[in-house]
Amino acid sequence: MAEEIEILKMLDESKTDIVKYILAILGGLGGFLFGYDTGIIGDAIIFAEQTLHLTSFLIGLSVASVTLGAAIGAISSGIISDYLGRKYTLIMDALIFTIFAILLALSINDLMFVVTRTILGFAIGVDSVIGPVYIAEFAPKNTRGRLLTFQQLMIVVGIFVSYWVGYALSFSGNWRLMIGLGAIPGIIIAAFRFYMPESPRFAIIKNKVNELNQALKRFGLIVDQTAIQKVRKLQEFESQFSARDLFRKAVLPITLFAIGAALFQQFDGINVFIYYSATIFEHLGYSPTSATFTAGWVTGFGNLYPVFITQFLLVDRIGRKLSLVVSFIGMAIALLLGSWLVSLTSYIAGLSLLAATMIYLFFFEIGSGPVLWDIMPEIFPTALRGRGSSILAFFVWIGDFVVSFTFPILLYSIGISYVFLIYGIISALGILFFWFLTPETKGKSLEELSKELWYSKLRKA
């Protein structure tokens, strides 16, 4: 049924013009808010722990609480976006982030700090799902990976900016201003998102013909009433599927792959380097200001430049599967080598940690980081994309919560060398997982993927 729809074919074969790039940036800008919060907390927590009298347990809980909220937001995002639509869900997220970034900066005790970070995380979790879904639903098939990578690009730009804001304010120790500045991009993003059209594929499955026409005009596509009639037939076809179908035996391997991919992305330890980079360098003997400066250069810059390589050279050329496999090979080598080197003298440990971190971040950002967000909306059909993507993102945030909560405990109990060893072994297992189980989505329309991965199997079942 889906292959007969002229409108979808026009979208898939349309030119990737400036309008699509702008909309991809707007859809992915929630990633900037996530990246800023993720990066700034590593600097802010060094100073906030003194003001709020945080123990090591509360430090872990304070950092990890945003991921717990994000998990709740992620699993709720499909229901929310099915009701509000993709566009207004993204506007809602930016407004919530703005309000609670301000409240977080005004925290008067550890309870308020944890609660506001949890609600802030809720908005981040919803946006982490619906941002990529929105982009995927209008992107041409041959450049979909490039446009989806704006989500990860915005994350690392947010992280990069946060490190330098953190460094600039580290001399005064003003952690409240570090956090509160996140409200400025939040309100700007919310304002610009009002000018976005609704997702055309969402408009199709919800039979919102007026919104569909408005979106198509924004993309420079003119359609006649015959095409609109075919859209209604597709809506009738898609409406027979529900969230229960995600767990039917015939397609369960796809759902399980999504969950496994999410957990591997987090259990490779990436957010240890993001949340706790300054803490790690301080643990190796750096002063708080020097630790913040080093974290800004190493983690901030190390996250940023590889994304451009992925976005413009890799993801739409070599494909998602090979990008993921190469990524996990590189991360495993960096972590295992780093585990050995940091066990040596403190001077060598400091230098080796710098080198291992740069290598690790390079390989994460050419595969595991951006490609997971690319593949998340691609492997689910339109009728189930919001709900299916929310499951994958839920496990991303659960994995993030586990890693960010347990790292301070592991750091002070078994040491950084053994922590690296654990993450290195997990990354090595990830090589096998992605080599054997990743479905290739490069160059295929969303409807082709839906038919291949879902509808043909559900019909047989």
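A residue is termed buried when its relative accessible area is under 20%. In this predicted model, Arg-320 has 0% relative accessibility and therefore counts as buried. Arg-320 forms a salt bridge with Glu-378, and the closest N and O atoms of the two are 2.5 Å apart. This pair links distant parts of the chain, with Arg-320 in helix α18 (residues 320–341) and Glu-378 in helix α19 (residues 346–378), 58 residues apart.

Glu-378 also forms a salt bridge with Arg-144, where the closest N and O atoms are 2.7 Å apart. Here the link runs between helix α7, which holds Arg-144, and helix α19, which holds Glu-378, across 234 residues. Arg-144 counts as buried because its relative accessibility is 0%, and Glu-378 counts as buried because its value is 1%.

## Other salt bridges

The count of salt bridges comes to 12. One of them joins Asp-82 and Arg-86, with the closest N and O atoms 3.6 Å apart; both residues are buried.

## The largest nonpolar core

The largest nonpolar core holds 131 residues, of which Tyr-360, Phe-434 and Trp-454 touch the most other members. Helix α3 (residues 30–52) supplies the largest share of this core, 12 residues. Beyond its neighbours within four places in sequence, Tyr-360 is in contact with residues including Asp-268, Ile-270, Phe-273, Met-331 and Leu-335.

Phe-434 belongs to helix α21 (residues 416–437) and, with 3% relative accessibility, counts as buried. Apart from residues up to four places away in sequence, Phe-434 touches Phe-257, Ala-261, Phe-264, Lys-321, Leu-324, Val-325 and Phe-328. The C-alpha atoms of Phe-434 and Lys-321 are separated by 6.7 Å, although the two residues are 113 residues apart along the chain.

## Ser-14 and helix α2

Ser-14 is located in the loop between α1 (6–13) and α2 (18–28). Its relative accessibility is 13%, so Ser-14 counts as buried. The side chain of Ser-14 reaches the backbone oxygen of Leu-11 at 2.8 Å and makes a polar contact of 3.2 Å with the side chain of Lys-20. Neighbours within four places in sequence aside, Ser-14 is in contact with Lys-20 and Pro-140.

Lys-20 is itself one of the buried residues in α2, together with Tyr-21, Leu-23, Ala-24, Leu-26, Gly-27 and Gly-28. The buried residues of α2 pack against α3, α6 (110–136), α7 (144–148), α8 (150–170) and α10 (183–193).

Technical notes. Residues are numbered from 1 along each chain as its sequence is written. This is a predicted model: local features need pLDDT of at least 70, side-chain atom pairs count only at pLDDT 80 or more; totals for chains, interfaces and linings use all residues. Side-chain values use heavy atoms; hydrogens and water are left out. Helices (H or I, at least four residues) and strands (E, at least two) are DSSP runs, numbered from the N terminus. Buried means under 20% relative accessible area, exposed over 50%, partly exposed in between (1.4 Å probe, protein chains only). A polar contact is a pair of N or O atoms within 3.5 Å; within protein, one must be able to donate a hydrogen and the other to accept it, and residues adjacent in sequence count only if both atoms are side-chain atoms. Contact means heavy atoms within 4.5 Å. A nonpolar core is a set of buried Ala, Val, Leu, Ile, Met, Phe, Trp, Tyr and Cys residues joined through side-chain atoms within 4.5 Å. A salt bridge is a side-chain nitrogen of Lys or Arg within 4 Å of a carboxyl oxygen of Asp or Glu.
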